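Please read the following report beside the sequence and the model. It takes up each chain, the contact between the chains, and some individual residues.

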Amino acid sequence: MNIFTRLLLELQEMALLVGRAAAGLFRKPRYLPETLAQMDSIGVGSTTIIILTGFFTGAVLTLQTYQTLASYGAVDQLGYLVSVSLIRELGPTLTALMVTGRVVSAISAELGSMVVSEQIDAMRALGTDPIRKLVAPRIVALVITLPLLTIIADAVGIVGGWAVSTWLYGLPSSMFTGSVRNGIQTDDIIGGVVKPLVFALLMGTIACHKGLKTEGGTVGVGRSTTSAVVTASIIVIIADFFLAKALQIILGTTP
Amino acid sequence: MMTQDSIDQGIDNQVSAQAADSTFREVDDTERAIPAIEFRNVTIEFDGRKVLNDLSFKVMKGETKIILGGSGCGKSTTIKLVLGLLKPDSGQVLVDGEDVTNYSEVQMMNVRKKIGMIFQEGALFDSLSVYDNVAFKLHEQGVPEEDVENEVRRMLRFVNLEQAMDKMPAELSGGMRRRVGIARALVGDPKIVMFDEPTAGLDPPTARTICELAMKLRDLEDVSSIFVTHEMNNLDYLCSEYAVVNEAGEVVFEKEGEKLCLINSKVLMMSDGQVIFSGTDESIRRSEDPYIQKFLRGH
């Protein structure tokens, strides 16, 4: 089987996986406790790393752009630049990449271990559909929590930028906050929330698909986990470009 | 007024009538003539290699089919096909006379409710306690917790592990894990049970315990089963002993002797995905096939 055929086959399998998981959401049993447990594990569990990532991204963005803006006499636009960069681009992408490292790897490894120890077969033998019991709660939890984590990262990132501009460069606090308030548009916020929704769907699907396709014992679990993280990271970055372009067209912000 | 003799006579007649009734019901029971499991010319390939090649056999109601064969000969694949965990490339798989070959995953879920499956290493859910593992099926069906607990305790008593109810799978020995796997598979009293090398890697007494559980199911619960193994001890136990309840109400295991010959255990031997022997344990021991002889003797 050549690479192109294999790629098409994988895409087909992932589409079927999402389709079956989505169809299962409307039938009983609904697995709400599993979904809440996953939201806790994915969302609450990732908060610390997202706060750290967001804060220092905003801080370093301010650190790097201050000089350039100062040379153009546009320091009053610092808050705008930092907040728009975070909300439109860095917040969604970095949050997705951090969650990929922490969550996609965990989901893939957990499902992969269950496959090689025949727990998935046991679940099916006991009359339970693993896609509804395991896949759907994980994808739903990711789709709900990733946008929330992104909002946290954006907010904390802006605070990081404000902290550097105020404490390191001695700018008036109101200059930074004012430019943030005046600069951010509704379109920026819509784009900043739509992106993580799509990323979450892609990341969850890749993680579950790679995990369930694990073969070859414990070595296979390692292989599928690596593959899930690498694939999800690359897909997030590629999807980011196309989503950004699509949002520009849809929201009418194309220059 | 009835005399003591006439009362005794009446009881005797009643017992005889009941015995006759049950005998004739048994004979007339056409349901029992339908095999619990039937394979018709089943072939399945993995990566261009035929793992099962035109495999056909039947497991009748209340019968234990012991499938022998070396590693990789298609034994585990056979039982996965019964459960619909794999689909054959050609041929038919029938469960209780129902052709399940082309059933969708949703349709198979109903068929699987009739079948209990015991996996090689137990396949217990690592994140759940012994109680939750055994209760898994009942929790999924939304059974009230009080009934779940009663059923879980009953099943754990059956495998002699009631004391381990609150333990996690990681805290159990290999044999205990298999026994919990058996308890989990038997929830809902399935009439068909699959054993996938349940004694592999276990010490002889624990292996014996697992075989006794299989005999209890066969002889006392009328369960049809496929018992996949490559250990000759298992064959000896399952084909030469049977479970009965003694006068004290205890389950005891007796050896078939000159008076009695077990007819509810049959042997199927596979090699390279094909049946090379089908019959009783006595006839397989008499076989002159060099492969079978080497397998039985180990050299």
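Leaving aside its neighbours within four places in sequence, with which residues is B:A183 in contact? Apart from those neighbours, B:A183 is in contact with B:V134, B:M155, B:L156, B:F158, B:V159 and B:L161, where two residues are in contact if their C-beta atoms, placed from the backbone, lie within 7 Å.

The model is predicted: local features need pLDDT of at least 70, side-chain atom pairs count only at pLDDT 80 or more, and totals for chains, interfaces and linings use all residues. Residues are numbered from 1 along each chain as its sequence is written, while chains are lettered from A and ligands numbered from 1 in the order in which they are written.

**The two chains**

Helices (H or I, at least four residues) and strands (E, at least two) are DSSP runs, numbered from the N terminus. A residue is buried if 20 or more other C-beta atoms lie within 10 Å of its own, exposed if 12 or fewer, and partly exposed in between, with C-beta atoms placed from the backbone.

**Cores and helices of chain B**

A nonpolar core is a set of buried Ala, Val, Leu, Ile, Met, Phe, Trp, Tyr and Cys residues joined through C-beta atoms within 7 Å. The largest such core has 74 residues, and those with the most contacts inside it are B:V82, B:V134, B:A183, B:M194, B:A214, B:I226 and B:L238. Helix α7 of chain B (residues 204-220) gives the most to this core, with seven residues. A second, separate core of 40 residues includes A:I50, A:V140, A:L149 and A:A228.

Helix α2 of chain B (residues 75-82) is largely enclosed by the rest of the structure, because eight of its eight residues are buried; B:V82, named above for its contacts inside the largest core, is one of these buried residues. Just after α2(B), B:G84 takes a positive phi of about 75°.

In α4(B), the buried residues are B:V130, B:N133, B:V134, B:A135, B:F136 and B:K137. The buried residues of α4(B) pack against α5 (145-158) and α6 (174-186) of chain B. Just after α4(B), B:G142 takes a positive phi of about 70°.

**Where the chains meet**

The contact between the chains takes 15 residues from chain B and 12 residues from chain A. On the side of chain B that touches chain A, the elements that give two or more residues are α3 (105-112) and α4 (130-140) of chain B. The residues of that side divide into eight nonpolar, one polar and six charged, where Ala, Val, Leu, Ile, Met, Phe, Trp, Tyr, Cys and Pro count as nonpolar, Asp, Glu, Lys and Arg as charged, and the others, Gly among them, as polar.

**Helices and residues of chain A**

The axes of α3(A) and α7(A) come within 8 Å and cross at roughly 15°; axes are lines fitted to C-alpha atoms, for helices over the stretch in contact, and angles run from 0 to 180 degrees between N-to-C directions. That angle makes α3(A) roughly parallel to α7(A), a term that covers angles under 35 degrees. By class, the contact of α3(A) with α7(A) has 17 nonpolar, eight polar and five charged residues.

A:V103 is found in helix α3 of chain A (residues 78-116), and A:V103 counts as buried because 28 other C-beta atoms lie within 10 Å. Leaving aside its neighbours within four places in sequence, A:V103 is in contact with A:I42, A:S46 and A:L142. A:V103 and A:L63, 40 residues apart in sequence, are 30 Å apart in space, C-alpha to C-alpha.

Is A:G216 buried or exposed? A:G216, which has its place in the loop between α7 (186-212) and α8 (217-251) of chain A, counts as exposed, because it has 12 C-beta neighbours inside 10 Å. A:G216 and A:V115 are 101 residues apart in sequence and 9.9 Å apart in space, C-alpha to C-alpha.

Methods
Parallel < 35°, antiparallel > 145°, perpendicular 65-115°, else oblique.
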